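Trainee: I would like to go through the side-chain contacts and strand pairing of this model. Please give the cut-offs as we go.

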Amino acid sequence: MACPAAIRRALDGHTTVTLAYVDEDGPQACAVLYAAATAADGAPVLYFVTAASTRHGRALGKPGARVAFTVQRDGQEWSGLTGIQGRGGCRPLSGDARAAGWRSYTARFPFVEADERLRAALERTALWELRPDWLRLIDNAQGFGHKEEWRG
C-alpha cells in the first residue's frame with residue numbers, strides 16, 4: 001500500500017525526529033535531524049547521522065533494533081497541531097546504500113556540504129536508515145483528533 005500524500009508531506013515538512021528505544025539501562029529518547037526519502041519499494045525512509053558509540057547508536061546497532069518515534073514542530077497551537085507517530089527498524093548504512101542516503105541527507109541539509117569541517121566530521125559518522133512499518137499522522141487542523149495511518 002502506498003504511503004498517503006499527507007503523511008509524506010508531513011515527513012518532508014519537518015527536520016527533527018525523536019527516537020525512543022530500550023536498552024539494558026531501560027527506556028531512553030533522543031532527537032536527531034533527519035532527511036525523508038522514498039525507498040525503491042515506494043516506502044518512506046528517514047536518514048539520520050549519529051555515532052555508533054553513543055547510547056542510542058549502540059542500541060540501534062543491534063540486529064533487529066526497533067524504535068518508536070515522533071516528528072513534530074515545537075510551539076504549535078493545539079487546534080493546528082500536526083505531527084507523526086511511528087514505529088520501525090533502524091540500521092547503519094554502508095557502501096552504495098550509504099552513498100544514496102548521504103545524497104538525500106545533504107540535499108535536505110545543504111549546510112553540511114557547505115562547511116568542510118562539518119562535512120568531514122559527519123562523513124566519518126554512521127549514517128542510519130529508519131524504515132517505518134507504521135505511521136500515524138495527527139492533524140488537528142483537519143478536525144480535533146484527525147488521524148491518517150499507513151502500514152508498510
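**Contacts and pairing**

Mentor: The structure holds zero disulfides, a disulfide being a pair of cysteine sulfur atoms within 2.5 Å. This is a predicted model, in which local features need pLDDT of at least 70 and side-chain atom pairs count only at pLDDT 80 or more, while totals for chains, interfaces and linings use all residues. Residues are numbered from 1 along each chain as its sequence is written, and side-chain values use heavy atoms, with hydrogens and water left out.

Trainee: Which cysteine sulfur is nearest to that of Cys3, and how far away is it?

Mentor: Cys3 is in no disulfide. At 9% relative accessibility, Cys3 counts as buried; the classes are buried under 20% relative accessible area, exposed over 50% and partly exposed in between, with a 1.4 Å probe and protein chains only. The nearest cysteine sulfur belongs to Cys90, at 17 Å.

Trainee: And which cysteine sulfur is nearest to that of Cys90?

Mentor: Cys90 has a relative accessible area of 8% and is therefore buried. Cys90 is in no disulfide either, and the nearest cysteine sulfur, 9.1 Å away, is that of Cys30.

Trainee: Which residue stands opposite Cys30?

Mentor: Helices (H or I, at least four residues) and strands (E, at least two) are DSSP runs numbered from the N terminus, and two strands pair if DSSP finds at least two bridges between them. Strand S1 (residues 16-23) and strand S2 (residues 26-38) run antiparallel and are joined by eight bridges. They form a hairpin with two residues between them. Opposite Cys30 in S2 stands Leu19.

Trainee: In the hairpin of S2 and S3, which turn residue has a positive phi?

Mentor: S2 and S3 run antiparallel, with five bridges joining them. Five residues lie between the two strands, and the turn residue with a positive phi, about 90 degrees, is Gly42.

Trainee: How many residues apart are Asp41 and Arg131, which form a salt bridge?

Mentor: A salt bridge is a side-chain nitrogen of Lys or Arg within 4 Å of a carboxyl oxygen of Asp or Glu, and the count comes to seven salt bridges. In this one, the closest N and O atoms of Asp41 and Arg131 are 2.9 Å apart. Asp41, at 56% relative accessibility, counts as exposed, while Arg131, at 29%, is partly exposed. Asp41 is in the loop between S2 and S3 and Arg131 is in strand S6, and the separation is 90 residues.

Trainee: Which residue meets Glu129 in a salt bridge?

Mentor: The N to O distance of this salt bridge is 3.0 Å. Glu129 lies in strand S6 and the partner in strand S5 (residues 82-92), so the pair ties together parts that are 38 residues apart in sequence.

Trainee: In which helix do Arg119 and Glu123 lie?

Mentor: These two form a salt bridge, with the closest N and O atoms 2.9 Å apart. Arg119 is partly exposed at 22% relative accessibility, and Glu123 is partly exposed at 36%. They are four residues apart, about one turn of the helix, in H5 (residues 116-123).

Trainee: Why is the pair of Phe48 and Trp128 stacked?

Mentor: Rings of Phe, Tyr and Trp (its six-membered ring) pair if their centres lie within 6.5 Å; planes under 30 degrees apart count as stacked, over 60 as edge-to-face and the rest as tilted. A search of the whole structure finds four aromatic pairs. For Phe48 and Trp128 the centres are 6.1 Å apart, so the rings pair, and the pair is stacked because the planes are at 5 degrees.

Trainee: Are Phe48 and Trp128 buried or exposed?

Mentor: Phe48 is in strand S3 (residues 44-49) and Trp128 in strand S6 (residues 127-139), 80 residues apart. Phe48 and Trp128 are both buried.

Trainee: Which ring does the charged end of Arg87 sit over?

Mentor: A charge sits over a ring if NZ of Lys or CZ of Arg is within 6 Å of the ring centre and within 35 degrees of the ring normal. The charged end of Arg87 is 4.3 Å from the centre of the ring in question, that of Trp134.
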